[in-house]
Amino acid sequence: MTDTFRAEEARDFGFETRQLHAGQRPDPNTGARAVPIFQTTSYVFEDPESAAAYFNLQEYGNTYSRIMNPTVAVFEERVANLEGAMGGVAFASGIAAQAAALFTLLEPGDHVVSSAALYGGTVNQLKHLLRKMTVELTWVDPDDPDAWRAAVRPNTKAFFAETIGNPGGNVLDIETVAAIAHEHDLPLIVDNTFATPYLCRPIEWGADIVVHSATKFIGGHGTSIGGVVVEAGTFDWSNGRFPVIADPSPAYHGLQFHETFGTYGYLMKLRAETLRDLGGAMSPFNAFLFLQGLETLSLRMERHVANARTVAQFLDGHDLASHVTYAGLPGSRYRGLVEKYLPRGAGAVFSFDCAGGREGGQNLIRGVTLWSHLANVGDAKSLIIHPASTTHRQLSDAELEASGVRPGTVRLSVGTESVDDLLWDLEQGLTYVSKAA
Ligand SMILES: *Cc1c(COP(=O)(O)O)cnc(C)c1O
């Protein structure tokens with residue numbers, strides 16, 4: 001079987017098959033089985049008419065790699081396929097993807113409602129970048145449906161949340177929050193970075209737009225920064241709340257994205273305007289590396305989750321550890337939501353409090369050797385960081401507490417090593433903590 005597309009028509013392929021094949025057929029010119037890296041800025045047009053048709057978006061064709069590239073296109077298609085989305089657009093980082101997802105549907109004077117339990121970089125982005133475009137923001141407790149409902153205003157344009165929040169391990173009740181968004185004709189945007197489409201597909205539960213930092217589990221090896229936005233294709237952008245997508249666009253010589261492209265209106269505007277103007281395009285080489293990552297996503301996630309469960313249980317029973325936030329623990333307050341949304345496991349990133357406060361957390365970092373001390377998650381290698389000394393170091397103890405981080409909190413991203421080695425290393429770190437105390 002050489003034509004995967006034709007085969008797809010014949011059968012609904014499983015996730016493990018699609019993570020290897022979706023969005024690609026072997027290169028028709030060379031027969032190359034791997035996705036070639038099209039390291040080119042631009043593409044020769046056949047004639048002036050087809051060039052004009054591409055620029056008018058009357059025909060879909062490659063023009064310039066800030067807007068589209070064949071290697072990046074396979075990555076976009078593959079993530080969209082795995083998420084059950086209609087299509088996607090890739091970006092140079094997860095942060096760029098989020099900005100673009102929002103900018104495409106926002107205008108000055110609009111309002112966004114967001115979960116307060118988010119990745120720190122996203123908190124900064126929403127707090128400061130939105131204000132610069134005079135967009136207002138309301139933070140809500142993601143676990144409280146009434147808070148989402150109460151935050152909606154006439155100028156609200158979107159809900160934003162993470163499948164698994166950081167660092168508290170909050171699991172979003174996606175179906176409930178999506179229903180509240182839809183009651184008000186609003187889209188729900190979900191950052192699915194920590195779950196990946198293998199553990200959870202938010203679109204199946206009503207989310208409209210899914211964003212990823214591909215930097216994490218999708219890439220999976222800590223080599224590249226990237227992001228992607230995918231859209232379900234079911235949201236009605238002509239519902240009256242989104243003239244920015246339905247009305248003639250001054251940024252694209254009066255094009256009406258919704259009327260012209262129907263369900264593709266949002267994605268076309270995301271690419272043809274937002275990516276064009278913000279410019280954070282994914283490089284073809286990074287797309288190639290992310291495709292390598294996607295090929296083994298399910299295999300790595302199974303191992304990440306199994307190791308995370310074992311490490312969380314070990315810490316949960318340890319005298320020198322407390323407040324283990326892994327949502328996959330039997331005693332977690334999110335247990336019901338995990339069973340519903342994350343039946344294959346609650347990811348591999350969580351935090352716990354090390355005995356001895358700030359000093360204890362720092363000594364644990366000093367005491368371990370196998371866990372890498374760095375600011376990233378989702379690498380096949382296990383990672384550890386002490387937020388109060390690094391990502392959250394500008395905050396006072398009171399501000400730390402409010403963001404769910406205490407002086408002794410340590411965040412882990414559990415990798416795919418032999419789990420006994422991970423436990424051995426944590427034990428030697430904790431021994432160092434108690435000796436130093
Ligand atoms: C890392 C991360 C981001 C930002 O992605 P970058 O690729 O670092 O720009 C956004 N959300 C979550 C949950 C992340 O972990």
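Reader: Which helix gives the largest share of the lining of the largest pocket?
Author: Helix α6 (residues 120-132) does, with five residues. Helices (H or I, at least four residues) and strands (E, at least two) are DSSP runs, numbered from the N terminus. The model is a predicted one, where local features need pLDDT of at least 70, side-chain atom pairs count only at pLDDT 80 or more, and totals for chains, interfaces and linings use all residues. Residues are numbered from 1 along each chain as its sequence is written, and side-chain values use heavy atoms, with hydrogens and water left out.

Reader: What volume does the largest pocket have, and which residues are closest to its centre?
Author: Its volume is about 1,100 Å³. Leu118, Asn166, Pro167, His392 and Ser403 are the closest to the centre, out of 38 lining residues. On a 1 Å grid over the protein atoms alone, a pocket is an open set of points with protein on both sides within 12 Å along at least five of seven lines, a cavity is a set where a 1.4 Å probe fits but cannot get out, and lining residues have an atom within 4 Å of a point. Points are joined across faces, edges and corners, and the volume is the space filled by probe spheres set on them.

Reader: Where does the largest pocket lie relative to the domains?
Author: Both domain 1 (15-292) and domain 2 (299-436) give residues to the lining, so the largest pocket lies between them. The domain bounds come from an automatic or database domain assignment.

Reader: How does its lining divide by class?
Author: Into 16 nonpolar, 15 polar and seven charged residues. Ala, Val, Leu, Ile, Met, Phe, Trp, Tyr, Cys and Pro count as nonpolar, Asp, Glu, Lys and Arg as charged, and the others, Gly among them, as polar.

Reader: And the second largest pocket, what is its volume?
Author: About 700 Å³. It is lined by 31 residues, with Tyr60, Ala73, Val74, Glu76 and Glu77 nearest its centre. Two or more lining residues come from each of α4 (70-83), β1 (87-91) and α12 (265-278), and α4 has the largest share, five residues.

Reader: Cavities next. How many are there of 30 Å³ or more?
Author: Two. The largest holds about 60 Å³ of space, and its lining includes Glu76, Arg271 and Met282. Here α4 and α12 are the elements that give two or more residues.

Reader: What about the second largest cavity? Which domains line it?
Author: Domain 1 and domain 2 each give at least three residues to that lining. The space is about 40 Å³. Asn166 and Pro167 are among the residues that line the second largest cavity, and both are also among the residues closest to the centre of the largest pocket.
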